[in-house]
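Dear colleague,

Please find the structure below, handed over for your review. My notes on one part of it follow.

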Amino acid sequence: MKRLLFLYLLLLAPLAKGDDGYQLWLKYDRISNASLRTSYTRSMQFIATEGSSPILNTATDELRQGLKGLLGQSIPSVKASGNRTGGILLRITPMGADVKDLTAEGYRIVKRQGNLQIVSQTDAGVLYGVFALLRQLQVNRPLDSLVAVSRPKVKFRMLNHWDNPNATIERGYAGESMWKWYELPETISPRYRDYARANASIGINGTVLNNVNASPRLLTGEYLKKVAALADVFRPYGIKVYLSVNFAAPKILGGLKTSDPLDPQVRQWWANKVKEIYQTIPDFGGFLVKANSEGEPGPQDYGRTHADGANMLDEAMKPYPGVVIWRAFVYKADPNADRFKAAFEEFVPFDGKFGSKVIVQVKNGPIDFQPREPFSPIFGRMPHTPLGMEFQLTQEYLGFATHLVYEAPLFKECLDADTYVSGKGSTVAKVIDGSLHGYERTLMAGVANTGSDRNWTGHPLAQANWYAFGRLAWDHSLTSEQIADEWIRMTLTHEPVAVRRIRHMLLRSRDIYVNYNTPMGLSRPWTGVHFAPEPWQNKSPRPDWTAVYYHRADSLGLGFDRTATGSNALSQYYPEVQKGWENAETCPLPYLLWFHHVPWDKPLSSGRNLWDELCTHFYTGADSVQWLQREWAQVKPAVDPVLHADVAGRLRTQYEEAIWWRDAWVLYLQEYARRPIPTPFQKPKRTLVDVKESVNVYLLR
């Protein structure tokens, strides 16, 4: 019996060695092309580093580790010398021809004096150059094309973690928090370093450790020591730590009677707290603030403005290098208002009144990370206030960790949108990178999709969203296709046909999801958990937390009128933008129901009426998940079997849930449209009562 058990375990052993996703895009597998590997090796016989610093040491170590894996042999480190050739030289130089056109974190990879040189003004720039070189080797670029020059378009490139001290993650779908607060600062998980490596490899230089719905506990002396321990791990990778703060901390922690930002005692409390933080963490990045939003405390509790609150923290931060990032995600529970307009109305009037260290962080769309939204009208309308971009990597409204949704096309859709604020070509990207208004402090933030799951992101292919965010924060001119191609080759496979199939899957995935979930400008059909379909939901503590508030289905039609005859939210955009959306006859179909209440029988540009067009989207979207399944099945021989099985299982669940959402929408809206489901689509096998019951069961989980 023991012998049989041993043989059984022996047979299982190879199956347990599959790719668990932990290495992300830093796998550094040995290059299979022997001639290419040989040509690389001839030019990379040693690593020479000029100077020494923790970050420069990290760059050297990363390069050695990467080359050992890719080339299959150890590359020695030697003292920098002008006499040796055939190696890689890491060099910092504050001035000279190689760096005169670079920003501090930019780098140049150049062939000179018989060596491949990675040159920057700073050690962080050298580190980014090292990762860029390794990336080019991973995707098997020819040796002659390794020369490159790059500089980040955005200064602050950060992840916002919505992690709580009790290890939960708000809108987290990949396990619990990575931060083991109860073990820190004494116990340092190796995962912290690996997290820093992954971020640095794509140019991310900051991380907000805790939830914007912030616990004051993070500002206590006990927790600042824990934060400092994380900062120590991240520092050699050029990453600074930031904290979300609770605006009521002076009352909760300081015992004051008020948190009024104009109260001298309150201002002194914050000044003392900032001083304490910098004594503990000398390179602390700064604060992120969610105030007077969804019940969080803020300056309006005392009759003050967002500018008053932000400027109080700006004053406390003045002696130090940190910044104050103030979120523009605000809206009031007004049944007669349009939530679309809220952030614009509360922030644009205060343009130019924020302190010199304040950045206003704006979500990509005016509502809340919907599968497809028009860009926020704030972009371009605050020329005297630095505006940062806030994207969401965690799939709060994109199917959690079950559904495949590659988000780079969503990010690019917003970044490439034209505000027309200074004429044609005034894109959102040019607003946030500072080139349009001359902002010195520029920011792109992403709400993290990481957790304690071994593969970091729950869905293995969701790693591509983390990767894509970092690459676009560094250079928003990159294409979704280019980023997808890099990630696939670095993470999944080099087999050409498989690369093409997976890339096509990724690029189509977001539109497939939108089609069966929220086509043509529908939004928020979910319950409070933001997952189960509930377009009939009409009871909530506030009107804008119901589904009917957004889709406004009735016997006449569907959609939210935001033109001059409705809420007039369109007036917040420049006239050229308004022209594209204000006429229902010419409004692009993806945005039609965002801005118009459309009759059910209205003929559309597709040749179908509204009802038939909606059904076409719902049905073809759900059916397209089967196409994703077939494409994924085709790449099985080229992908790690454990990873392939994981994704295949999620795609099966995705199809079931796509049908669920399709049926919920179609059966619910049919009660208003009073029209048959058009051919060739079949009527759902279940009734609306059945679907509602299935949602109720889901909510009992």
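This is a predicted model: local features need pLDDT of at least 70, side-chain atom pairs count only at pLDDT 80 or more; totals for chains, interfaces and linings use all residues.

Residues are numbered from 1 along each chain as its sequence is written, and side-chain values use heavy atoms, with hydrogens and water left out.

Helices (H or I, at least four residues) and strands (E, at least two) are DSSP runs, numbered from the N terminus. Buried denotes under 20% relative accessible area, with a 1.4 Å probe and protein chains only. Strand β7 (residues 156–160) has five of its five residues buried, so it is largely enclosed by the rest of the structure. Phe-156, Met-158 and Asn-160 point one way from β7, whereas Arg-157 and Leu-159 point the other way.

Strands pair if DSSP finds at least two bridges between them. Five bridges join β7 to the parallel strand β14 (residues 443–447), where Val-447 is the bridge partner of Asn-160. Three bridges join β7 to strand β8 (residues 206–208), also running parallel; there, Thr-207 partners Leu-159.

Ser-177 lies in the loop between β7 and helix α5 and is buried, with a relative accessible area of 1%. Counting heavy atoms within 4.5 Å as contact, and leaving aside residues up to four places away in sequence, Ser-177 touches Asp-163, Ala-167, Thr-168, Ile-169 and Ser-452.

Yours sincerely

Definitions and conventions:
Buried means under 20% relative accessible area, exposed over 50%, partly exposed in between (1.4 Å probe, protein chains only).
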